[in-house]
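Student: Could you walk me through this one, starting from the site and then moving on to a strand?

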Amino acid sequence: AHLARIDAVDEKVHAFLHIDREGALAQARAVDAKREAGEKLGPLAGVPLALKDIFTTKDMPTTVGSKILEGWVPPYDATLTRKLKAADVVILGKTNMDEFAMGSSTENSAYGPTGNPWDLTRIPGGSGGGSSAALASFEAPLAIGTDTGGSIRQPAAVTGTVGVKPTYGGVSRYGMVAFSSSLDQGGPCARTVLDAALLHEVIGGHDPLDSTSIDSPVPPVVEAARNGSVQGMRVGVVKQFSGEGYQAGVVQRFNESVELLKSLGATVVELDCPSFDLALSAYYLIAPSECSSNLARFDAMRYGLRVGDDGTRSAEDVTALTREAGFGDEVKRRIILGTYALSSGYYDAYYGSAQKVRTLITQDFEKAFEQVDVIVSPTTPTTAFPIGERADDPMAMYLADLCTIPTNLAGNSAMSLPCGLAPEDGLPVGLQIIAPAMKDDRLYKVGAAVE
Ligand code: GLN
């Protein structure tokens, strides 16, 4: 049924870069056979899923939305891919994304943009716009995203779906193509809080193949999602997540959510987190710096595209020609920014300062969580903007992640879930819930109470 739905709508939505029709049907039949034979089934047996094209899959291409990896079929599965298969999930295919997960609109994909199913002329968010669009268009009931600065939560917000950035280290990064390793985090996307929890439980947990993976059990997310409540909880509202640039309808729906939390028995506490004002600036030094180092592996020698290798050119020239042809503008912009910020003479002023800001943000969160159990905010300042509107203005594009970035810098957990439609444009608004590290279950407890 989901393959038929994809056939009917994906030409217009363009959520998928690759549809694995044969593989999905074979997996579905294998689940049926197991069931008939009375064998034990995995926890998500037969449930279809859309996988962001940033996770390696040994039987499908993995492009990361880039021409530099066009046609590359990895020789191994990411830990997350392996866990999905072990849970008997049916992987439908790989979803569209901004190239190397750099963007907030999916317009930076080398394979063309994805439309927002609410209004196909608008962006579905990014970088994981394909995954969220697949959910909103009912092409898949579950999806996977990755969140470096907001790429799970912001697409969830603008498509009226649920997305969770788990605690850093809560879901393995092994086989997840690296953008900014200290920020990147894979996580679940779904249409309901409970569905996200069921997926979170399957993909989470320790992985010895990822050196930053946390060696403790997955927080009790499913139990929390089944027992939604905010009775007696302290909920923080941060001063810095408001003001200029926030759309009126977004603010209205957010204020209504705060009133709802109060009526359900929560106490609301106002918080001041002054360092959050510097989060965007720190992120746009740290993320490009790590990107410039991570993307050095795309050298035309090891895998993917190779341009100009005619037997007369040096390896260096072939690398340069390949990168020129294989990387898009935003990726080049970040490599240049990051290389500059890390170069000797500038390192302390840029990268060093950004790291200090990162520590201050972590301290602001620590102080905040002494006073409250969770923090709430709008997920993103505006609803889905028209495709093309911010494409030539990187600074305007970067603002989409104003509320999501502090969590990546501090490494704690956060969720976006729908909280109504903005009256002025009828488009979905996202409510962000933020919890301390390894307290991801609180997101689900609060999310299920207000859903
Ligand atoms: N939009 C942010 C960026 O462009 C975040 C992307 C992400 O979370 N992968 O870097």
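This is a predicted model: local features need pLDDT of at least 70, side-chain atom pairs count only at pLDDT 80 or more; totals for chains, interfaces and linings use all residues.

Tutor: Residues are numbered from 1 along each chain as its sequence is written.

Student: Which residues does UniProt list for "active site"?

Tutor: The record here is an unreviewed entry. UniProt positions are in the numbering used here, with feature names shortened, and annotations may be inferred rather than shown by experiment. Under "active site", the entry lists Lys52, Ser127 and Ser151.

Student: Is Lys52 buried or exposed?

Tutor: Lys52 lies in strand β2, residues 48-52 (strands are DSSP runs of E, at least two residues, and helices are runs of H or I, at least four, numbered from the N terminus). A residue is buried if 20 or more other C-beta atoms lie within 10 Å of its own, exposed if 12 or fewer, and partly exposed in between, with C-beta atoms placed from the backbone. Lys52 has 32 other C-beta atoms within 10 Å, so the call is buried.

Student: Where is Ser151 found, and which residues is Ser151 in contact with, leaving aside neighbours within four places in sequence?

Tutor: Ser151 is found in the loop between β4 (142-146) and α5 (153-159). Contact means that two C-beta atoms, placed from the backbone, lie within 7 Å. Leaving aside neighbours within four places in sequence, the partners of Ser151 are Ala101, Gly126, Ser127, Gly128, Gly145 and Thr146.

Student: Now the strand: how many residues of β11 are buried?

Tutor: Strand β11 covers residues 428-435. One side has Pro428, Gly430, Gln432 and Ile434, the other has Val429, Leu431, Ile433 and Ala435, and all are buried. So β11 is largely enclosed by the rest of the structure, and the count is eight of the eight.

Student: How many bridges join β9 to β11, and how many join β10 to β11?

Tutor: Strands pair if DSSP finds at least two bridges between them. Strand β9 (residues 374-378) runs antiparallel to β11, with Val376 partnered by Ile433. Strand β10 (residues 413-421) is antiparallel to β11 too, and there Leu417 is partnered by Leu431. The values are four for β9 and seven for β10.
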